[in-house]
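Me: I'd like to go through a model and ask what stands behind each label. Could you set the values against the cut-offs for me?

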Amino acid sequence: MAATGKDWMHTLKDVWCIEPSLSMKAAYCSPCLFGRNAEALGKSCAMYGCGLTVPILGLYLATKLRGEIREKKGIDGSACNDFMAVWCCGPRALVQETLE
(Lines give C-alpha, C1' and ligand atoms only; values in the text may rest on other atoms or scores of the structure.)
Protein backbone atom coordinates (compact mmCIF):
# COMPACT_ATOMS: atom_id res chain seq x y z
CA MET A 1 0.00 0.00 0.00
CA ALA A 2 1.30 3.46 -0.80
CA ALA A 3 2.16 5.73 2.10
CA THR A 4 -0.69 8.09 2.92
CA GLY A 5 0.85 9.75 5.94
CA LYS A 6 -2.06 8.71 8.17
CA ASP A 7 -1.41 7.19 11.59
CA TRP A 8 -3.63 5.43 14.11
CA MET A 9 -5.91 7.90 15.94
CA HIS A 10 -4.44 6.79 19.28
CA THR A 11 -1.00 5.36 20.03
CA LEU A 12 -0.57 1.98 21.72
CA LYS A 13 0.80 3.84 24.72
CA ASP A 14 -2.30 6.02 25.12
CA VAL A 15 -5.20 3.64 24.50
CA TRP A 16 -5.26 2.13 27.97
CA CYS A 17 -6.30 5.44 29.57
CA ILE A 18 -8.61 6.75 26.86
CA GLU A 19 -11.39 4.20 27.17
CA PRO A 20 -11.26 2.26 30.47
CA SER A 21 -14.27 0.05 29.68
CA LEU A 22 -12.70 -1.14 26.41
CA SER A 23 -9.44 -1.73 28.24
CA MET A 24 -11.23 -3.96 30.73
CA LYS A 25 -12.94 -5.90 27.90
CA ALA A 26 -9.59 -6.34 26.14
CA ALA A 27 -7.96 -7.55 29.35
CA TYR A 28 -10.70 -9.91 30.53
CA CYS A 29 -12.77 -10.77 27.43
CA SER A 30 -10.53 -10.36 24.39
CA PRO A 31 -12.48 -12.85 22.21
CA CYS A 32 -15.68 -10.79 22.64
CA LEU A 33 -14.04 -7.51 21.65
CA PHE A 34 -12.05 -9.18 18.86
CA GLY A 35 -15.23 -10.75 17.48
CA ARG A 36 -16.93 -7.37 17.54
CA ASN A 37 -14.08 -5.84 15.53
CA ALA A 38 -14.26 -8.70 13.02
CA GLU A 39 -18.01 -8.29 12.68
CA ALA A 40 -17.54 -4.58 11.89
CA LEU A 41 -15.51 -5.72 8.85
CA GLY A 42 -18.16 -8.21 7.75
CA LYS A 43 -16.45 -11.28 9.24
CA SER A 44 -17.95 -13.91 11.53
CA CYS A 45 -17.95 -12.70 15.14
CA ALA A 46 -18.10 -16.26 16.49
CA MET A 47 -15.39 -17.65 14.22
CA TYR A 48 -12.93 -14.85 14.92
CA GLY A 49 -13.77 -14.66 18.63
CA CYS A 50 -13.32 -18.41 19.11
CA GLY A 51 -10.32 -18.47 16.77
CA LEU A 52 -8.53 -15.98 19.01
CA THR A 53 -8.40 -18.61 21.78
CA VAL A 54 -6.33 -21.02 19.63
CA PRO A 55 -2.66 -19.95 20.10
CA ILE A 56 -1.17 -19.86 16.59
CA LEU A 57 -4.49 -19.34 14.81
CA GLY A 58 -5.32 -16.45 17.15
CA LEU A 59 -2.04 -14.72 16.40
CA TYR A 60 -2.61 -15.13 12.67
CA LEU A 61 -6.22 -13.88 12.81
CA ALA A 62 -5.31 -10.90 15.01
CA THR A 63 -2.49 -9.86 12.68
CA LYS A 64 -4.68 -10.31 9.60
CA LEU A 65 -7.61 -8.37 11.06
CA ARG A 66 -5.35 -5.54 12.22
CA GLY A 67 -3.95 -5.29 8.69
CA GLU A 68 -7.45 -5.17 7.21
CA ILE A 69 -8.47 -2.39 9.60
CA ARG A 70 -5.27 -0.50 8.79
CA GLU A 71 -5.83 -0.82 5.05
CA LYS A 72 -9.52 0.11 5.24
CA LYS A 73 -8.68 3.27 7.19
CA GLY A 74 -5.66 4.15 5.01
CA ILE A 75 -3.19 3.92 7.91
CA ASP A 76 0.52 3.55 7.18
CA GLY A 77 2.14 0.34 8.32
CA SER A 78 3.06 -3.19 7.36
CA ALA A 79 2.21 -6.78 8.18
CA CYS A 80 5.40 -6.91 10.28
CA ASN A 81 4.26 -3.90 12.33
CA ASP A 82 0.83 -5.48 12.75
CA PHE A 83 2.38 -8.75 13.95
CA MET A 84 4.66 -6.99 16.44
CA ALA A 85 1.78 -4.90 17.85
CA VAL A 86 -0.36 -8.02 18.30
CA TRP A 87 2.49 -10.12 19.70
CA CYS A 88 3.94 -7.56 22.13
CA CYS A 89 0.89 -5.45 23.04
CA GLY A 90 -2.12 -7.63 22.21
CA PRO A 91 -4.78 -6.07 24.47
CA ARG A 92 -3.60 -2.54 23.69
CA ALA A 93 -3.60 -3.27 19.95
CA LEU A 94 -7.14 -4.62 20.29
CA VAL A 95 -8.36 -1.43 21.99
CA GLN A 96 -6.53 0.68 19.37
CA GLU A 97 -8.31 -1.21 16.58
CA THR A 98 -11.68 -0.82 18.28
CA LEU A 99 -11.22 2.93 18.73
CA GLU A 100 -10.27 3.33 15.09
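Reply: Here are some labels, each with the value behind it. This is a predicted model, where local features need pLDDT of at least 70 and side-chain atom pairs count only at pLDDT 80 or more, while totals for chains, interfaces and linings use all residues. Residues are numbered from 1 along each chain as its sequence is written, and side-chain values use heavy atoms, with hydrogens and water left out.

Me: Why is D82 called buried?

Reply: Buried means under 20% relative accessible area, exposed over 50%, and partly exposed in between (1.4 Å probe, protein chains only). D82 has a relative accessibility of 2%, so the word buried applies. This residue lies in helix α6 (residues 79-88); helices here are DSSP runs of H or I with at least four residues, numbered from the N terminus.

Me: What makes T63 a contact of D82?

Reply: Contact means heavy atoms within 4.5 Å. Leaving aside residues up to four places away in sequence, D82 touches T63, R66, G67 and R70.

Me: Why is the pair R66 and D82 called a salt bridge?

Reply: The term asks for a side-chain nitrogen of Lys or Arg within 4 Å of a carboxyl oxygen of Asp or Glu. In R66 and D82 the closest N and O atoms are 3.8 Å apart, and the pair forms a salt bridge. R66 sits in helix α5 and D82 in helix α6, so the bridge ties together parts that are 16 residues apart in sequence.

Me: What makes E97 a partner of R66?

Reply: Their closest N and O atoms are 3.2 Å apart, and the two form a salt bridge. E97 belongs to helix α7 and R66 to helix α5, so parts that are 31 residues apart in sequence are tied together. Both E97 and R66 are buried. Through shared partners, salt bridges join R66, R70, D82 and E97 into one network.

Me: How do you know that E68 and K43 form a salt bridge, and are these residues buried or partly exposed?

Reply: The N to O distance between the side chains of E68 and K43 is 3.3 Å, and they meet in a salt bridge. E68 is in helix α5 and K43 in the loop between α3 and α4 (45-51), so this pair links parts that are 25 residues apart in sequence. E68 is partly exposed because its relative accessibility is 23%, and K43, at 28%, is partly exposed too. In total, the structure holds five salt bridges.

Me: What makes V54, L57 and Y60 a patch?

Reply: A nonpolar patch takes residues with over 30% relative accessible area and no salt bridge, their side chains (Val, Leu, Ile, Met, Phe, Trp, Tyr) joined within 5 Å. L57 has a relative accessible area of 37%, so this residue is partly exposed. L57 is found in helix α5 (residues 55-73). Together, V54, L57 and Y60 have about 270 Å² of accessible area (Shrake-Rupley method, 1.4 Å probe).

Me: Which residues let you say that α3 meets α7?

Reply: S30, L33, F34, R36 and N37 in α3 meet L94, E97 and T98 in α7. The buried residues of α7 are A93, L94, V95, Q96, E97 and T98, and their cover includes α1 (15-18), α2 (20-28), α3, α5 and α6.

Terms used:
Patch = residues over 30% accessible without salt bridge, like charges linked within 9 Å, V, L, I, M, F, W, Y side chains within 5 Å. Helix = DSSP H or I, 4+ residues; strand = E, 2+ residues; numbered from the N terminus.
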